[in-house]
Structures are given as C-alpha cells and as structure tokens.
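Subject: Structure for your files

Hello,

Here is the structure you asked about, with the sequence. My notes on the disulfides and the nonpolar cores follow below it.

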Amino acid sequence: MVVYLTIFIGVLKAMFACIAGVNLFVGLYIIYFILCRARPNTSPRVVSLNRRHYFEQCPFSGSILAGTEVLIHPAFSYVINLKAGFSTTRRVFRDTNVTFHRTRAGAVQQWPPFTFTLVREPVQKFESGIRQARTMKWPWQVNTSLHSQLLTMSMDDIVRLQISMYQDRKKKNDYWDIWLDPHLLPNTQRLTGIQYDFIGTLEQFTESMFWIMQNIEHVHEYDWIHDIKKRNVRPKEETISPEVIQEMCTSELFRHEWECFGYDLPSACTEHSAILSS
C-alpha cells in the first residue's frame, strides 16, 4: 500500500511539473509576441525614421496652404516640400518608371491609401531655399522694389524680413505679400492640414526611401537609391548667423519647426537659453 501511494504521489508531482512547464512556455511566448511581434510599426528603426508621431502632436496646425502641391499615384501620394529632397525623390520615381500627376493638395478629393513626405532640418532648409532663390534671381517675387533689395540682401536680413512679413500676415491677403519665395516655406507651413502615413527626413534620405518603397505596391526595383542622394548639392558660401538662428527659434514662424519633426534645437538656441536661465 505504501508503495502504491508513493508511486501515485510521484505521478502527481510529475504531472504538476509538466503543467507548470507548459504554462511557463506559454507565458514566455505571449510576452515575446507582445513585445517583439504584435507592434512591428513601433520598432526603434521605424520610429526613428517616421516623424509622423511628432507632427501629430505638433502645437502648430492650419489648413492646407494654397501653394502646396502633391504627386498623385493610385497607390500613394507624395506631398511636395521644396528644399527637402523633392527633386531627388521625383527622380527616384521616374527612374523606377512610376507615373504620377502633379496637382494642388487642396484640390485632391480622395487621397490614395499611402501618403508621405520628407522634411529637413529647419535652418539648413531655409539656407538652401535662399540659395535656390538667389540662383533663380527671385523670379516669384512680383514686388519690383523688394525684388531689387533681395538681390543684394544677406541671409540674415532675408530671414528677418521673412519673419516680419509672416508676423504681419493678418494685414495682408495675397500669398506673395507673406512669402518671399516658395522655397522659403518652413516644414510646418508647407505640410499642415494633411494626414500622413510616413514623414521621412532628408538627413536619412536613403533609409526613408527604402522604407517608403517597401510600403508602396507596384514598385520593386530600388536597390540603387543610395547612388542618387547627393547629385543636387549647392556650394555653401554663406550661412545664417547664430544670432539670427536664435531669433528663428523664438519667432512665431519657426519656433515649432524642431519639435514638430523630432529635430534637436540648434546649439545657438540651447546655449542662449542656458545663459538666460543661469
């Protein structure tokens, strides 16, 4: 009798050990699934590339700007952000034989299933916009007196003038009474009023384009994207001074540019803030 009882107890212990082992395995698998597989879009790589979540929490908001344009394809739409990789991105699609048409964003009745754009560090974007406008001799500026001034103005003076024009925008009705040139619009102004699936950066152009292409149907050959990145680079003879960069960081026009797309504030602004608070 004692022998049978001992055997029975041993069997029960084995059964409980087996059940505990299975439960442990199941529990570990559930934890693995939640952390590693259930949320693929929040992996560190995607979060660092996709700045959409920053823009969705941006304190700046507005309606679609009259001058904002978009490239439309049945599978995607690309919102054009001048001086943030537009020429290069357009070349990528043309080289992959992707056809699209260009239209005003405000005229789009039904957006395709995937909408994306690219942004650029705000100071570098504005500097590049000034160089572009200078190269083209400010063709969009219809005010002849102002046009003559722009031909000889420094970058710092152009920044201050654009900030001032934007601050006085409520007194003006015409688009060109607010903006000196379409290449000078900040990221927030150009992209506002639109829902995005992906917002990449010019600084991570290759990685952003690979991610975009992987999420667009009918586009398969894009292994050569890294070869196209720096074909359109202008010399940097002049830059915006640290003093004026500080003014950009506190201006109504630029102050949300960095936080809305996950960029760090320029050192000129952080150092200035540290001095004021000490």
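How many disulfides does a search of the whole structure find? The search gives 2. Please keep in mind that this is a predicted model.

Disulfides

The link of Cys-58 and Cys-260 is right-handed, with 65° about the S-S bond. Cys-58 sits in the loop between helix 3 (52–56) and strand 1, and Cys-260 in the loop between helix 10 and helix 11, so this pair ties together parts that are 202 residues apart in sequence. Cys-58 and Cys-260 are both buried.

Cys-249 is joined to Cys-269 by a disulfide, at 1.9 Å from S to S. The link of Cys-249 and Cys-269 is also right-handed, and the angle about its S-S bond is 85°. Here the pair ties together parts that are 20 residues apart in sequence, because Cys-249 lies in helix 10 and Cys-269 in helix 11.

Are Cys-249 and Cys-269 buried or exposed? Buried means under 20% relative accessible area. Cys-249 has 12% relative accessibility and therefore counts as buried. Cys-269 is buried too, with a relative accessible area of 5%.

If the bonded cysteines of the protein are numbered in sequence order, the pairing reads 1-3, 2-4.

Nonpolar cores

In soluble globular proteins, nonpolar side chains tend to be buried together. In this model, the largest nonpolar core has 46 residues. The residues with the most contacts inside this core are Phe-55, Phe-126, Ile-158, Leu-180, Ile-240, Met-248 and Phe-261. Two or more residues each come from strand 1 (69–73), helix 5 (122–135), helix 6 (144–150), helix 7 (155–167), helix 10 (242–250) and helix 11 (267–277). Which element gives the largest share of this core? That is helix 7, with 6 residues.

Ile-240 is worth a look on screen. Leaving aside neighbours within four places in sequence, Ile-240 is in contact with Val-123, Phe-126, Glu-127, Met-155, Asp-156, Val-159, Ile-245 and Met-248. Another core, of 22 residues, lies apart from the largest one. Its members include Phe-76, Phe-86, Met-209 and Met-213.

Regards

Note on methods
Residues numbered from 1 in each chain as written. Predicted model: local features only at pLDDT ≥ 70, side-chain atom pairs only at ≥ 80, totals over all residues. Heavy atoms only, no water. Core = buried A, V, L, I, M, F, W, Y, C linked by side-chain atoms within 4.5 Å. Buried < 20%, exposed > 50% of the residue type's maximum accessible area, 1.4 Å probe, protein only. Helix = DSSP H or I, 4+ residues; strand = E, 2+ residues; numbered from the N terminus. Contact = heavy atoms within 4.5 Å. Disulfide = S-S within 2.5 Å.
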